[in-house]
There are 2 protein chains.
Amino acid sequence: MKKYVFGNPVKTGAVVKEVLESEDEISVFHLSEVQDGLEFSCRMGERDVVYGLGEQVRGINKRGFSYISYASDDPIHTENKHSLYGGHNFLILYRADAPDGKSFGVFVDDPGKVVFDVGETRRDLLLIRTGKDCVVYVTEGDSLKDLAKQFRELVGQSYIAPKWAFGYQQSRWGYLNESDVREVVENHRKHGIPLEAVYLDIDYMKDYKDFTVDEERFPDFQGFVEKMRREGVHLVPIIDAGVKIEKGYPVYEEGVRENYFCREENGENFVGAVWPGKVHFPDFLNAKARTWFGGKYRRLIEQGIDGFWNDMNEPAIFYSEKNLKKVLDEISSIKDDNLDLNDFFHMQEIVEGLCNHPEDYKSFYHDMDGVKVRHDKVHNLYGFYMTKAAAEAFDQIAPNQRILLFSRSSYIGMHRYGGIWTGDNESWWSHLLLSIQQMPSLNLCGILYTGSDLGGFGSDATEDLLLRWMAFAIFTPLMRNHAAAGTRRQEAYQFEAVESFRSLIRIRYALLPYLYSEYMKAALSDELYFRPVSFDYPKDRHAFFVEDQLMVGESIMIAPVYTQNAAGRYVYLPEEMLLVRMRSDKERTYQVLSKGHHYIDVSLKEAVFFVKKDHMLPFAVLEEDVRTTQDVSPERIVWIGFADKEAEYVLYEDDGVSKRYAPKEDWKTIRLKKEEMEGF
Amino acid sequence: MKKYVFGNPVKTGAVVKEVLESEDEISVFHLSEVQDGLEFSCRMGERDVVYGLGEQVRGINKRGFSYISYASDDPIHTENKHSLYGGHNFLILYRADAPDGKSFGVFVDDPGKVVFDVGETRRDLLLIRTGKDCVVYVTEGDSLKDLAKQFRELVGQSYIAPKWAFGYQQSRWGYLNESDVREVVENHRKHGIPLEAVYLDIDYMKDYKDFTVDEERFPDFQGFVEKMRREGVHLVPIIDAGVKIEKGYPVYEEGVRENYFCREENGENFVGAVWPGKVHFPDFLNAKARTWFGGKYRRLIEQGIDGFWNDMNEPAIFYSEKNLKKVLDEISSIKDDNLDLNDFFHMQEIVEGLCNHPEDYKSFYHDMDGVKVRHDKVHNLYGFYMTKAAAEAFDQIAPNQRILLFSRSSYIGMHRYGGIWTGDNESWWSHLLLSIQQMPSLNLCGILYTGSDLGGFGSDATEDLLLRWMAFAIFTPLMRNHAAAGTRRQEAYQFEAVESFRSLIRIRYALLPYLYSEYMKAALSDELYFRPVSFDYPKDRHAFFVEDQLMVGESIMIAPVYTQNAAGRYVYLPEEMLLVRMRSDKERTYQVLSKGHHYIDVSLKEAVFFVKKDHMLPFAVLEEDVRTTQDVSPERIVWIGFADKEAEYVLYEDDGVSKRYAPKEDWKTIRLKKEEMEGF
């Protein structure tokens, strides 16, 4: 791992491993100075592949587009969007054709805007444009897994969620009160659908004020949290970045008094507007402000809460006070004239442009250890540091307890403190595919606890889309059904096929011993839970072209169906594998398929996956009334396997809540003969 | 064919064949009255397939979504969009499971809003919601091809474009003047890329006034048109629906004087705003206004123009004068208060909502043979009748000459007068797939002369996207590269791979004898040029699931690559076929592939297609310097074929411009022995 320092970079906290600054010039790139920054360029061979970049649009191989790391609250994740919610500046350039040189991984530690032009401008050119001040880490090597692991060791161990957070979770913007939540829980229980958590979106708060609970909607919040916990259900409240400006609201008052908010050039607190109306933004980059804000989670934890999602922390800004005034003034001046078409376009543009306006991000400042830093220069750290604020506080409040924590915005480094969800996607088939493709890219950047809004957040979900999405989400650590207010209800019990939903979710629970073991191995060993197929089969030329199959943990490969009205799909097997087909956790069939291309039928009611040769996995035998992860007994397991003679598996099992990870007794190496497994 | 009349429908002109009104009750649907209209419903079996509905999003099988026929200028064609630019109310419900009854085709002749809920609400339910006044045509049968043909006979013969319009065409919003156009032509010529037409988007007009030419940009328009024609290049100007309100502008003055514009309730001419600023909308539904407007094309035809595209004829309305005033007033009243978040959202909503506002479509009226009809009731006829205005005028101006004509908005019936392009798509891979899937749906509705903006209209195209799109567009009758102002330049010569673009376009020209013959057969026999695979292989269960391959004409099947960074794709062959692979019009290889599933490699430089068993096709031998369709000699042909012993092909050839279609001598039946063909 080589480290190159340019200019005078801020300390981002992304990296945990000490690396000495290299004395050589950077060798894998041609470096040049461009306006306001640096440009790193290198040639790509025709068959070279680029992996990584985390939360972005398009495929697993990132070639053919430009990606801009600049966290952005943009809910329309179409192919032309250069930025989503995070800044994940790690990529691997895999040299498929040897003459072009060694493969390498590169991490650009620059929390401002970074552009990755991965062959968009010219197919054979990789261009990275950074600011003037940044640190660049480069590691060369031939093994994709090694390159990935070296980077992960650099940035430190990924966040580990409590085991219950691997259960099925239900969310919707629009569960307003106790009775809405209770109804959701009751419906799941009534239909025998396991359920682990219900999310509280912005409506649980009093006027969207952070760390408040609306007492009309939740008259006895603590009691209700406890009651739900007796049902096996965790409540997971949202925390937004912006703090409502309201006299008498303690968080606001304290923040103002102690100078904990982001300030404008002139020293006044910056005013933006988000859900609560006008807000100030806590200066999470200021260590004291971070401690203060983190401490606020205590009240909710004391009321029994053990999971949070941090939102709106790009930060999203619906408008700034200053810019809104300007826009309104402009519109009145237009009105006085006789408006022409250009005025009209201009009016549309300035009104649309109010949201997340680039100039707003240049108009407030952070106090980083006494140094005043303009926000846009460190923009991508904001969500990271909000989440770090919470996680560091949790270490104080409940030192040995795992608390669920994930965020919308993130930067590499945040993966140590929490997971992410992939933001406000849509009920589109193309977004099911996008979600599949994002998983390995995120894992490469250290983000292991992740998943997409199952069924899609915006637009109306259909039953078939939800079934297919569910059959994929069985494998994502975060398995959460979430949707926006105003869209069609999409809880599993809202459709005719409720029995199929129940079966798919139960299959998830039966797979938990495997999925949890694999998650823990990936986290504790700095490895990937989701991998592109090529990572396991680097000698297979075709594996590099597989964009819609993933390796999940050490034993299996998945190939989700992601197109509407399909009877099944094509699958590429890089070696002979065992196809496992399930209609429920009780009904399984097995079929050995040869290396090569196959079309497999997969009905809407089925989940399928493939077991690698000489591998096996644990599969829990579930009681009829399994409701939560706690009902899955590690004692009652069948082994599904595919082996010539025997296979071995290392099973991990712990209490699921304490942070005492992985003492010897939690690992069990199990070796079974072919006859002792289920399979073929 | 059964005809059911409900209420008092307007005469749309969609149907040309006389059908007696049925005395039975409609049998394939359950009919019920709902608010303001009728609902037709029927059950769908699990494997039933729905084809048709023309220009809409999603797949060839329309199941799983709701489609709304209500022409809409919405440039973001994502999966959640219920309406695009047309109203194409024909579908076939194919009964894959016999117990559910016979398959049928249904055409809903209602030019107002019609909703097709094809299993979105419930997977097993087809719901059609119409207005109170409509005509419904139903035809039952077992053969998909027959059902399609019966419908096409009902609505009459499809438009036939001049042969030059089957050549390669280049367009871009932003070619401003003579010199821009000349540069485009010169660059194609310089690189040896055939080119048939250059489009003039809105900038050629003086202040966007219909039927004017900006004299600064085109000082000698007629001379320039002629000069380009000597280069083999046709200029194709755009005509927009709205007529600029400008004193002294003859089209405006005449329209006002003669009452040819759409009027509000109170009799005043309706004022909307589009590109020219404030406009009136010609009342194309008024026969006199239609004749008047159509006559205006004469001036351009006299200057040598022989092709037009009619645009903005949904009609698109950026805003109406009335609504804009209301919005501006609302914003000022907000400004006076202390704006809160709801006000802000409201402001965003009303500003965004100005475009194509539903209330605007209810606030103007047509004069249909003396009857005053509110626009929204006949909304989908507007683009149809604008195009009919032009076509009927052409019949007067140049009775025996084919003039290129296509439109953005359309309704079934318009297919007799012109084609369509599929509107303002994006440079997205998903839109390449969408374009493939739209083709058979459009053909089913009679629209044969069609294609998408090759490379994508909005967003930046990349070289690989354009190459793959080109390799598909080889087969679309309209093969036009078009892009929006402000996007990356995407003419074929703008990229490194100019040689590959040249080769792909030349392959199109070499295929012209086949493509043109097949187009003419489809048009003259009321058949489909593009077909879903199932139409040719109805006994093959898997064929019904094929969503990304098309039959093109009688001899071939295509399987375009539509994913980024792919080495090739999977293909399903419903029978043994011959894979033809071309790197250029000179380099061809052949391979027989068995019935079943295959993965085929297809490089960015290649075009591939499949020849059906016992079929053949003509392939022209091109000179090195082929520039236009006129340089493709019908005399120099090789035959590509795949036959056990021999095959037969009916070749069509005519002068390409006159309307004297298909006398006996234009058809040649050619029968060749295996040895006389190229192939395997």
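## A guided tour of the predicted model

Begin by selecting helix α12 of chain A, residues 463-473, which is mostly covered, since 11 of its 11 residues are buried (buried means under 20% relative accessible area, exposed over 50%, and partly exposed in between, with a 1.4 Å probe and protein chains only). Among the buried residues of α12(A) you can pick out R468(A), W469(A) and F472(A). Helices here are DSSP runs of H or I with at least four residues, strands are runs of E with at least two, and both are numbered from the N terminus.

Before going on, note that this is a predicted model, in which local features need pLDDT of at least 70, side-chain atom pairs count only at pLDDT 80 or more, and totals for chains, interfaces and linings use all residues. Residues are numbered from 1 along each chain as its sequence is written, chains are lettered from A and ligands numbered from 1 in the order in which they are written, and side-chain values use heavy atoms, with hydrogens and water left out.

**The whole of chain A**

Of the 680 residues of chain A, 68% count as buried.

**Cysteines**

Select the cysteines next: a search of the whole structure finds zero disulfides over all chains, a disulfide being a pair of cysteine sulfur atoms within 2.5 Å. For C42(A), which is in no disulfide, the nearest cysteine sulfur is that of C134(A), 16 Å away. C42(A) is buried, with a relative accessible area of 7%. In chain B, C445(B) is likewise in no disulfide, and the nearest cysteine sulfur, that of C134(B), is 17 Å away. C445(B) is buried too, at a relative accessible area of 0%.

**A lysine in a loop of chain B**

Move to K163(B), whose place is in the loop between α1 (144-155) and β12 (168-170) of chain B. At 19% relative accessibility, K163(B) counts as buried. Leaving aside its neighbours within four places in sequence, K163(B) is in contact (heavy atoms within 4.5 Å) with R402(B), Y516(B), T629(B), E653(B), D654(B) and G656(B).

**Backbone details**

Most residues other than glycine have a negative phi, and most peptide bonds are trans. With that in mind, select E314(A) and P315(A), which are joined by a cis peptide bond with omega of about -5°. P315(A) is found in the loop between β18 (307-311) and β19 (319-320) of chain A. In chain B, the peptide bond from E314(B) to P315(B) is cis, with omega near -5°.

Two residues with positive phi close the tour. Y208(A) has phi near 60°, although Y208(A) is not a glycine, and it is found in the loop between β13 (197-200) and α3 (221-230) of chain A. With a relative accessible area of 27%, Y208(A) is partly exposed. N565(A), also not a glycine, has a positive phi of about 60° and has its place in the loop between β30 (556-558) and β31 (568-573) of chain A. N565(A) counts as buried, at 17% relative accessibility.
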